[in-house]
Amino acid sequence: MKFTYPAIIRKTEQGTWHAAFPDLECCEAEGDTIEEAVERANEAAYDWISLELSEDDGQLPAITDVRDMDLEEGDVVRNICVNIRFTDGWDE
């Protein structure tokens with residue numbers, strides 16, 4: 001199944017890039033480049049969503065619309081898409 005959540009990617013004072021998901025609590029990533037931050041954000045979102053879905057009462061949050069986000073000048077919003085397979089033992 002495919003899950004897509006927006007990440008806000010912002011350049012830090014140290015010159016690295018920080019990605020945070022407004023909908024996935026405490027789900028963040030950093031990278032030396034924006035591409036690296038996006039790649040690590042994808043990994044962080046995969047881990048976050050997988051863990052949430054493994055819970056007995058796991059529920060995923062609603063997706064925030066980009067127009068409702070508190071963005072600063074220079075922020076980049078990227079939709080991070082995660083594919084999670086629900087069938088154990090099946091290898092594509």
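The questions and answers below walk through the fold of this predicted model.

Because the model is predicted, local features need pLDDT of at least 70 and side-chain atom pairs count only at pLDDT 80 or more, while totals for chains, interfaces and linings use all residues. Residues are numbered from 1 along each chain as its sequence is written, and side-chain values use heavy atoms, with hydrogens and water left out.

Reader: In what order do the elements of the chain run from the N terminus on?
Author: Helices (H or I, at least four residues) and strands (E, at least two) are DSSP runs, numbered from the N terminus. The chain has 1 helix and 4 strands. Read from the N terminus on, these elements run β-β-β-α-β.

Reader: In what order do the 4 strands lie in the open sheet?
Author: Two strands pair if DSSP finds at least two bridges between them, and strand β2 (residues 17-20) is joined to β3 by 4 bridges. The pairing in the sheet is antiparallel, and the edge strands, each pairing on one side only, are β3 (28-31) and β4 (76-83). The order of the open sheet is β3-β2-β1-β4.

Reader: Which residue in β3 is the bridge partner of Ala 20?
Author: Strands β2 and β3 run antiparallel, and Ala 19 stands opposite Ala 29 in β3. For Ala 20, the bridge partner in β3 is Glu 28.

Reader: What angle does the direction of helix α1 make with that of β4?
Author: Axes are lines fitted to C-alpha atoms, for helices over the stretch in contact (heavy atoms within 4.5 Å), and angles run from 0 to 180 degrees between N-to-C directions. Helix α1 (residues 34-54) packs on the sheet and touches β1 (2-11), β2, β3 and β4. With the direction of β4, the direction of helix α1 makes about 45°.
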